[in-house]
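Please read them next to the coordinates.

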Amino acid sequence: MSLSDVCTKASSVFAQKDLEELEGEYPVYGASGYIKSINQYHQEKEYIAVVKDGAGIGRTMILPAKSSIIGTMQYLLPKENILPRYLYYAVKNMHLEKYYTGATIPHIYFKDYKNEEFNLDSVDIQKQVVDVLGKCESVIESRKNELQLLDNLIKARLNKIAARWP
């Protein structure tokens, strides 16, 4: 199955500078994550966002319903045959950055990666895969947090020891 069989692309009309005067309850996201909330949204349902311009091209996020992205990103809207989170995991592991063009500001285009192949399982299997991968991500995140806490502890101990030396 190819990516174009399971999703459609859409573009954002928002530039980050256009958001300055807007306020509201609907989140807008950029390459680094949440930017701010405004009074409108572009996507009614959960979707995938891919960084298409600049630093971080190919980075993939799954974003909530009733939200939007800025123009340096692209919407990938799941069709009925795929769960949004399954599409997220598939796209995330395609490493879309390999499709970049441009020397000064890198870009990727849907037309270049839309034929990327992957396995499309039945919706029941998709649910199982999403559940397992979600649990794996949760464990990974917990371990990262533990490592950060241990790193902080080591630094604190070293600072305490260093303070004792003349």
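1. Which residues does V50 touch, not counting residues up to four places away in sequence? V50 touches G58, R59, T60, T72, M73, Q74, L76, V91, L96, I108 and Y113; contact means heavy atoms within 4.5 Å.

2. On the source: this is a predicted model, in which local features need pLDDT of at least 70 and side-chain atom pairs count only at pLDDT 80 or more, while totals for chains, interfaces and linings use all residues. Residues are numbered from 1 along each chain as its sequence is written, and side-chain values use heavy atoms, with hydrogens and water left out.

3. The largest nonpolar core has 22 residues, and L3, V50, L76, L87 and Y113 have the most contacts inside it. A nonpolar core is a set of buried Ala, Val, Leu, Ile, Met, Phe, Trp, Tyr and Cys residues joined through side-chain atoms within 4.5 Å; buried means under 20% relative accessible area, exposed over 50%, partly exposed in between (1.4 Å probe, protein chains only). Helix 1, strand 4, helix 2 and helix 3 (110–113) each give two or more residues to this core, and the largest share, 6 residues, comes from helix 2. Apart from this core lies another, of 10 residues, including M61, M73, Y75 and L77.

4. Helix 2 spans residues 84–92, with Y86, L87, Y88, Y89, A90 and V91 buried. Helices (H or I, at least four residues) and strands (E, at least two) are DSSP runs, numbered from the N terminus. The buried residues of helix 2 pack against helix 1 (3–6), strand 1 (7–11), strand 4 (47–51), strand 5 (60–63), strand 7 (73–78) and helix 4 (123–164).

5. A49 lies in strand 4. A49 counts as buried because its relative accessible area is 0%. Beyond its neighbours within four places in sequence, A49 is in contact with R59, T60, M61, L63, I69, M73 and Q74. The C-alpha atoms of A49 and Q74 are 5.5 Å apart, with the two residues 25 apart in sequence.

6. An open sheet of 3 strands runs in the order 3-2-6 with mixed pairing; two strands pair if DSSP finds at least two bridges between them. Strand 3 (33–38) and strand 6 (68–69) are the edge strands, each pairing on one side only. Strand 2 (residues 26–30) pairs with strand 6 in the parallel sense over 2 bridges, and I69 in strand 6 is the bridge partner of Y29.

7. W165 sits in the segment after helix 4. W165 is classed as exposed because its relative accessible area is 64%.
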